Amino acid sequence: MIRLATIGGAVFLIVATLAAQTEAAQRRHRHTITLSRGEHRLVNAVNAYRARHGLPALSVDPTLMCVARRAAPHFNHVVDGKWCWHRARQAGFKGWASDNIANGYPSPEDAVEGWATSHGHAMQMRGRFNMNGRWCDYRFNRIGVGICGRKYIAVFGRENSSHVVYKPAEPGA
């Protein structure tokens, strides 16, 4: 009887181990994403802007990429009645998110230049968000982008929302 329990336990352990390995492989596969040439240019342009302001590059996040790609055709901050942060959370992103949208620009670089000349859009590319009339430093560290024709979207996010979220930005920053 003990021998059967040991064998049964060993079989359970093997099955549980295989299930865990399969789940880990599925998670890795879900987090693999390929960017189009235009999407790659958009990410590079945003990160070049950030570098000019002494900020670290944003990492491409597969979940935010899915959110951005689904929203790109709509040219609207609200898609299916949900703001960007709601759509990101619904897709499984575990932090805060916000977006910049642009329409009519001939290239990804031109879209980023357009955002750079708009105070609110520029602030978001630098990791800040206007919460109740006050600019807060959300320290965005992730990005997802989408392009549909001449419509561009960049979704900025912070992977771990346990960091300081409501820290007011420095005046003039």
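This is a predicted model: local features need pLDDT of at least 70, side-chain atom pairs count only at pLDDT 80 or more; totals for chains, interfaces and linings use all residues.
Helix α3, residues 62-71, is mostly covered, with seven of its 10 residues buried; buried here means under 20% relative accessible area, with a 1.4 Å probe and protein chains only. Those buried positions are Pro62, Thr63, Leu64, Met65, Val67, Ala68 and Ala71. Aspartate 61 caps the N-terminal end of α3, where a side-chain oxygen lies 2.9 Å from the backbone nitrogen of threonine 63.

Residues are numbered from 1 along each chain as its sequence is written, and side-chain values use heavy atoms, leaving out hydrogens and water.

Let us turn to the sheet. Four strands form an open sheet in the order β1-β5-β6-β2, with mixed pairing; strands are DSSP runs of E with at least two residues, and helices are runs of H or I with at least four. Two strands pair if DSSP finds at least two bridges between them. β1 (59-60) and β2 (97-103) stand at the edges, each with a single partner strand, so one side of each lacks a neighbour in the sheet. β1 runs parallel to β5, residues 142-148, and two bridges join them. Within this pair, serine 59 stands opposite arginine 142.

Finally, helix α5. Its buried residues are Pro108, Ala111, Val112, Gly114 and Trp115. Seen down the helix axis, they fall within an arc of 155 degrees, so they line one face of α5; the arc is taken from the directions from the axis to the C-beta atoms.

Note on methods:
Buried means under 20% relative accessible area, exposed over 50%, partly exposed in between (1.4 Å probe, protein chains only). A polar contact is a pair of N or O atoms within 3.5 Å; within protein, one must be able to donate a hydrogen and the other to accept it, and residues adjacent in sequence count only if both atoms are side-chain atoms.
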